[in-house]
Every structure is written in structure tokens, then in C-alpha cells.
Amino acid sequence: MSRTGYKTIIVPESVTITKNGDDVTVKGPKGEVTRYFDPKITFEQKDNEINFERQSDDDKALHGTMRANLNNMILGVTEGYTKTLTLVGVGYRAQAQGQKLTLNVGYSQPVEMPIPEGIELEVPAATEIVVKGISKQAVGQFAAEIRDTRPPEPYKGKGVRYKDEIVRRKEGKTGK
């Protein structure tokens, strides 16, 4: 059983946390993130430490989730989040133009995707995309949408994959 909800969060000096009703705003050197927090879970900030409490044992899952969400918000405004994707395949390439990402991933037409607000995109090489931002959820969601344009297939390994992703390969028809 996880005890995540009971762990204390240490808040850095450069971060301020304000609660406005059920919304919690975290401000830091990289920006500001706001998120809804369930009123069943309360938190108390003393000096630079935050502890969470729940009203009943029915809210155990929420307890750990809310604590993890606030910790992710603090990490986002101090360090930020990064996901790197790699394009594998002949002729597969990416281009960032303003607020638009253009992917050539084997379709008859290039795939154009608008870059969401709060997300920075770098294309250091034609086959590499780096997604950066302060919201862990937004970075992960946009990286997943990019990967969804052409998921890696198991026979030749072609497609868009995360940099650290391992694609299990299959032999095909001739491997009897």
C-alpha cells in the first residue's frame, strides 16, 4: 500500500502557493500553474513544508493523487518537464514553424499540428523533437498526440517513439 499522501513536500524559497477556493496556484521562476483540488483533501503549509490530510478513509486514492499533483506543479515551475521523441523511418522528419509542427511520417500529406499554449517545442535534428513545459500533464499529452500520428510498428520499428522507449520487434512470416 502506498503512503504517498503522508509524505511532506518541501517548498523551495522561489515558489509561492496560493489557494483561491478549490483552485491552487503555484508560482515559480519558470511560470505559473493553476489546478483544481478536491475539497475533501486539505493541506496545511507551515514555513516551507506542506502536509496533506483527508476527511475519511474513503478518500485514500485522492489523498495520494492530490499530493502528487501539487508536487508535480512545484517541480514544473522550478525545473520544468521535458519529453524527447525520435522519428524512425526513411524520409521521416519534423519541422517547427512558428506555432505549428509539421511531420512527414510516411503519409501522402504532411501532418500539421498546432502547438498548444504553454508548450515549447525544439527540433534539434530532423528526426528528433523535444517537448518542454511547466505542466507535466500538458507536456505528456502533447508528446502522446505527436506519437499517435504514427506509433512504432513491431516489424520494421518505423514510427514516432519516445527516446527511451523500447519497441519489441517481431520476426514476420519467414521466421518459422
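Strand E7 (residues 81–88) pairs with E13 in the antiparallel sense over four bridges; strands here are DSSP runs of at least two residues (E) and helices runs of at least four (H or I), numbered from the N terminus, and two strands pair if DSSP finds at least two bridges between them. Within this pairing, Leu85 has Tyr162 of E13 as its bridge partner. The model is predicted, with local features needing pLDDT of at least 70 and side-chain atom pairs pLDDT 80 or more, whereas totals for chains, interfaces and linings use all residues. Residues are numbered from 1 along each chain as its sequence is written, and side-chain values use heavy atoms, leaving out hydrogens and water.

Both strands belong to an open sheet of four strands in the order E11-E12-E7-E13, with antiparallel pairing. Strand E11 (119–125) and strand E13 (159–162) stand at the edges with a single partner strand each, so one side of each has no neighbour in the sheet. Neighbouring strands are turned by 25° against each other on average, direction ignored; axes are lines fitted to C-alpha atoms, for helices over the stretch in contact, and angles run from 0 to 180 degrees between N-to-C directions.

Helix H2 (residues 136–148) packs on this sheet, touching E7, E11, strand E12 (128–133) and E13, where contact means heavy atoms within 4.5 Å. The direction of H2 makes about 5° with that of E7.

Strands E5 (residues 41–46) and E6 (residues 49–54) run antiparallel and are joined by six bridges. Thr42 stands opposite Glu53 in E6. Two residues lie between the strands of this hairpin, in which Asp47 takes a positive phi near 55°.

Phe43 and Phe52 form a tilted aromatic pair, 5.4 Å centre to centre with 40° between the planes. Rings of Phe, Tyr and Trp (its six-membered ring) pair if their centres lie within 6.5 Å; planes under 30 degrees apart count as stacked, over 60 as edge-to-face and the rest as tilted. Phe43 and Phe52 are buried, that is, under 20% relative accessible area, with exposed over 50% and partly exposed in between (1.4 Å probe, protein chains only). Phe37, Phe43 and Phe52 form one aromatic cluster.

## Helix H1

The 19 residues of helix H1 (residues 60–78) should span 27 Å at 1.5 Å a residue, which agrees with the 28 Å between its end C-alpha atoms; the expected span is 1.5 Å times one less than the number of residues. The buried residues of H1 include His63, Met66, Arg67, Leu70 and Val77. Gly80, which follows H1, has a positive phi near 90°.
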